[in-house]
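Open the model in your viewer and keep the selection tool at hand. This tour tells you what to select at each stop and what is there.

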Amino acid sequence: MLKVSNVTKYYGDVKAVDDLSFEVEKGEIFGLLGVNGAGKTTTFRMIMNLISPSSGTILFNGKKIDYNVTDKIGFLTEERSLLTKLTVKEQMLFYGALKSLDEKTVLKRLDELLKRFEIEEYKERKISTLSKGNQQKVQFISAIINEPKLLILDEPFSGLDPLNIELFKNVILELKEKGTSIIFSSHRMDHVELFCEKLAILVKGKTVLKGYLKDIKEDYKIKKIIIEGDVKKTDLKKINGVINVIKTALGYEVNIKDKTYVENVFEYIKTCKKINKFVLQEPSLEEIFVAKVGEAYGK
Ligand code: ATP
C-alpha cells in the first residue's frame, strides 16, 4: 500500500504541494486530478524519490521508496523519455537491466506485451521511426515490463486515439486485477470516470476534494434533471429549488439544489401535455471538477 502523509513541497517560495495525504491500496486505482500547475508531476516525482518533500512522508508497504524497492515500481513520465536511437527490443533490454531483470524474462514479457498492444511488427524497429502513439505504447510497455506492484502514470492517455485509449484502459484494469496499485494523473475527467475508484483534486497544490468517486458523487448535492417534451423554460425557472435551466438539442437540463426538489419539478411536469423524457442524473465528474476548481479560485 502507498501512504502519502502530510506532504508539502516548496520550490523556493513556491508551494507546489500543500499538505497532501492519500492512500492507495493493493489493486486500487487512484486519480490525481488538477489543472496545469496543480502539483501532480511534483507529487509523482516525490513518490519516485527523484525529489524530496520539504515535509511529510511517503511510504510504500511501510518502507521509504529507494533503490531497494524501485524494481517493483513502474513510472510513465509526462515528458516521454525513450532512447529513440535504439530499437524497441534494445530499449526494453536496457530498461529490464535497470530493473534487475534477466534477458530471457524481458524478451518473453516483451513478446507478450507487444502482442497485447498490437505492435509485434515493431520489435526490431528504431523507436525514432515509430508514430507518436506507438512510441507511447513502447513507453507504457517499458513502465510495466517489470510487472510493478506500484504503477505511476502521468497523463497516460495524452495523444492517444479512442481505440488506443480503450486498449490502455483494459491493460490498466488487468494490472489492477493482478493487484498492482495504480496512480494516474489526467485533465480529462471522462477518462478518470472510466475506471478510477478513488481520487483527489488539487488546486495550486491544495487538496480541494478527496475520496471515493461514488461518495463524491453522492455528497455533491446539486442534481440534474433531463426533460424532453412540451415544457416551458420560463415555467421551469420559476420552480422552487431550480438553480438554472439549460436548453439542450432535444430538451432541457434542469439543475436543482438537491434531490428533494425533484418532486417540485415533477408536479409541474404532470401539468404538461406531452413528456418524452424525465430523468434524474448524477452530476458528471467534469461538472464537480469545474465547480470545485471554480470555488477554489473564488469564481
Ligand atoms: P501540468 O498538468 O501542467 O503538468 P502539474 O499539476 O504536474 O502541472 P507541477 O509540474 O507539479 O504541476 O507544478 C506545480 C507547481 O510547481 C507549478 O507552479 C510549477 O510552476 C512549479 N514547479 C514545478 N517544477 C518546478 C521546478 N523545478 N522549479 C520551480 N518551480 C517548479
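Leaving aside neighbours within four places in sequence, which residues is Asn146 in contact with? Select Asn146 and find out. The residues in contact are Thr70, Asp71, Lys72, Ile73, Gly74, Lys99, Leu101 and Arg109. Contact means heavy atoms within 4.5 Å.

Before moving on, some ground rules. This is a predicted model: local features need pLDDT of at least 70, side-chain atom pairs count only at pLDDT 80 or more, and totals for chains, interfaces and linings use all residues. Residues are numbered from 1 along each chain as its sequence is written, and side-chain values use heavy atoms, with hydrogens and water left out.

**Stop 1: Asn146**

Stay on Asn146. It sits in the loop between H4 and S7. Helices (H or I, at least four residues) and strands (E, at least two) are DSSP runs, numbered from the N terminus. Asn146 is buried, with a relative accessible area of 7%. Buried means under 20% relative accessible area, exposed over 50%, and partly exposed in between (1.4 Å probe, protein chains only). Now show the side chain of Asn146. One of its polar atoms lies 3.1 Å from the backbone oxygen of Ile73. A polar contact is a pair of N or O atoms within 3.5 Å; within protein, one must be able to donate a hydrogen and the other to accept it, and residues adjacent in sequence count only if both atoms are side-chain atoms.

**Stop 2: Arg109 and helix H3**

Next, select Arg109. This residue belongs to helix H3, residues 103–116. Is Arg109 buried or exposed? It is buried, at a relative accessible area of 17%. A polar atom of the Arg109 side chain lies 2.8 Å from the backbone oxygen of Ile145. With neighbours within four places in sequence left aside, Arg109 is in contact with Leu101, Ile145, Asn146 and Glu147.

Stay in H3 and pick Asp111, which has its place in this helix. Asp111 is partly exposed, with a relative accessible area of 37%. Draw a distance line from Asp111 to Gly62. The two are 49 residues apart in sequence and 34 Å apart in space, C-alpha to C-alpha.

**Stop 3: helix H5**

Select residues 162–177. This is helix H5, with 16 residues. From first C-alpha to last, H5 reaches 23 Å, close to the 22 Å expected at 1.5 Å a residue. The expected span is 1.5 Å times one less than the number of residues.

Which residues of H5 are buried? Colour Asn164, Ile165, Leu167, Phe168, Lys169, Val171, Ile172, Leu175 and Lys176. These buried residues pack against several elements, among them H3, helix H4 (132–144) and strand S7 (150–154). Strand S3 (29–34), strand S8 (181–186) and helix H6 (189–195) are also among the packing partners of H5.

Now look at the ends of H5. Asp161 caps the N-terminal end, where a side-chain oxygen lies 3.0 Å from the backbone nitrogen of Leu163. Gly179 follows H5, and its phi is positive, near 105 degrees.

**Stop 4: two positive phi angles**

Jump to Asn61, in the loop between strand S4 (55–60) and strand S5 (63–64). Asn61 is not a glycine, yet it has a positive phi of about 50 degrees. It is exposed, at 51% relative accessible area.

Then select Glu118, in the loop between H3 and H4. Its phi is near 60 degrees, again positive in a residue other than glycine. Glu118 is exposed, with a relative accessible area of 55%.

**Stop 5**

Pick Leu209 in strand S10, residues 206–212. At 16% relative accessibility, Leu209 counts as buried. Apart from neighbours within four places in sequence, Leu209 is in contact with Leu199, Ala200, Ile201, Ile216, Ile288 and Lys292.

Thr248 comes next, in the loop between strand S12 (242–247) and strand S13 (252–256). Thr248 counts as partly exposed, at 29% relative accessibility. Its C-alpha atom is 9.2 Å from that of Glu228, 20 residues away along the chain.

**Last stop: the whole chain**

Zoom out. The chain has 10 helices and 14 strands. Its C-alpha trace spans about 75 × 45 × 30 Å along its principal axes. Of its 299 residues, 49% count as buried.
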